[in-house]
Amino acid sequence: LRSDFGLPKADTWRTLQALDVPMVIPMLPSTFKRPSDWPAHTVTTDFIFLREPKRDQQESKAPALPQEIQSFIDASRACGRPLVLMTFSSMPVQRRKMLECAQRMLEASKKSFSLIYVGKRHPDSIPKALAEATERLSAAGQLLEVASADFGVLFAQMDAFIVHGGLGTTVEALRMKKPVAVTGLLLMDQRFWGAVCHEKGVGPPPVHIDDFEKTCVEFVDRALEDGSQWLKNAEALNWGEGDGVAANVAAFKNILEEGIKPADSRVGVRQTIADSSYLRTSRESRDTRSYSRGTVFEANPAAQRFSRSDLIWVTEGMIEDASTDGQNGNTKRLLLLEQIFQVQEKLLSVDDEIESHIRKGQQLQNDQLGIEQQLKHLSTQLRAMESRVSEEEAEQAAQN
């Protein structure tokens, strides 16, 4: 995106920190421990849902489930079988992988239960034995495959969940206060949400779908067992109940009331340079040159981007070139800003190289000291041997 606008490369997180760009993260603060390096204007709020999930379908105004799904649920309940839901949403998990795990769970679990899979039926090849097992489990009312369903209605009737780890699906499952396992392709934030489920004590560590067959039976056994600790932990957690809109609107309202304006890439750089926060950088251990308001400095000629006559004043958050004014001056000032940005990046890169050479030099010096100590030790041993030889020669001469 920056290259599309002719801007140089930049470290996104460091730039956001330097500019203290306001960020609203629609997650409950209790979801994870707040990192210590987050700027003050990075806030967590509440999860956003397009509709409010209901715990009891009979009390909600949500539409009823399709007859196929509701009949399957009613039949399972009538037989005393708990219900487990498996879904990978848009993740392209092979049907064969899903069915292998489903068959293993339904046939090897200590507790009889029913499984609903919601998702696309991928056209991969299914071995004959697996296809026959799938037909048998479906005929017995233990397995149902459907392309889609209203999760806001369906989730409320489930006893455990196997999900791919996307934010929306995972949090909606957690709101049901039931055990949750995360598996699938584990891309992007899916590992994070799998780790959240495990760290909160509501499910196992996340595993790739290729390995889930090894642990899937243990998951349903622990999730559905009497006195399940995962279930107790899930029931004790609060993941919110509303749609989250009010909390997020309030966060943006607070930002606007504080007078904080959205960061402009170029304006932000001007102000940051004026305040020295960018040029100082976060490398506090270094003796990095910094420039404050009112300072006059000459651009580094080694960077071959400015001539020695290009003097730039940093005054009250504005960069001005003494040789220009008007619109042409504004254009040149912006170009100079970008060039300063690039020079600073090169200086930091040179700093890194210098530190690397210093570390290598220190290592060579340590190696040299080690060799000198070894030589000293060998010299001591040699002198001791020479002394012993001299003594033996003297004794032999005396005997003769």
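Which residues of β4 are buried on one side, and which on the other? Before selecting them, bear in mind that this is a predicted model, in which local features need pLDDT of at least 70 and side-chain atom pairs count only at pLDDT 80 or more, while totals for chains, interfaces and linings use all residues. Residues are numbered from 1 along each chain as its sequence is written, and side-chain values use heavy atoms, with hydrogens and water left out.

Select strand β4, residues 114–119, strands here being DSSP runs of E with at least two residues and helices runs of H or I with at least four, numbered from the N terminus. Ser114, Ile116 and Val118 are buried on one side, and Leu115, Tyr117 and Gly119 on the other, where buried means under 20% relative accessible area with a 1.4 Å probe and protein chains only.

Now widen the view to the open sheet of six strands, ordered β5-β4-β3-β6-β7-β8 with parallel pairing, a pair requiring at least two DSSP bridges. Its edge strands are β5 (143–146) and β8 (207–208).

Finally, show helix α3 (residues 95–108) with helix α8 (residues 209–224), whose axes are 9 Å apart at an angle of about 20°, axes being lines fitted to C-alpha atoms over the stretch in contact and angles running from 0 to 180 degrees between N-to-C directions. The two helices are therefore roughly parallel, a term for angles under 35 degrees. Among the residues that meet here are Cys101 and Met105 in α3 and Phe212 and Val217 in α8, contact meaning heavy atoms within 4.5 Å.

Definitions and conventions:
Parallel < 35°, antiparallel > 145°, perpendicular 65-115°, else oblique. Buried < 20%, exposed > 50% of the residue type's maximum accessible area, 1.4 Å probe, protein only.
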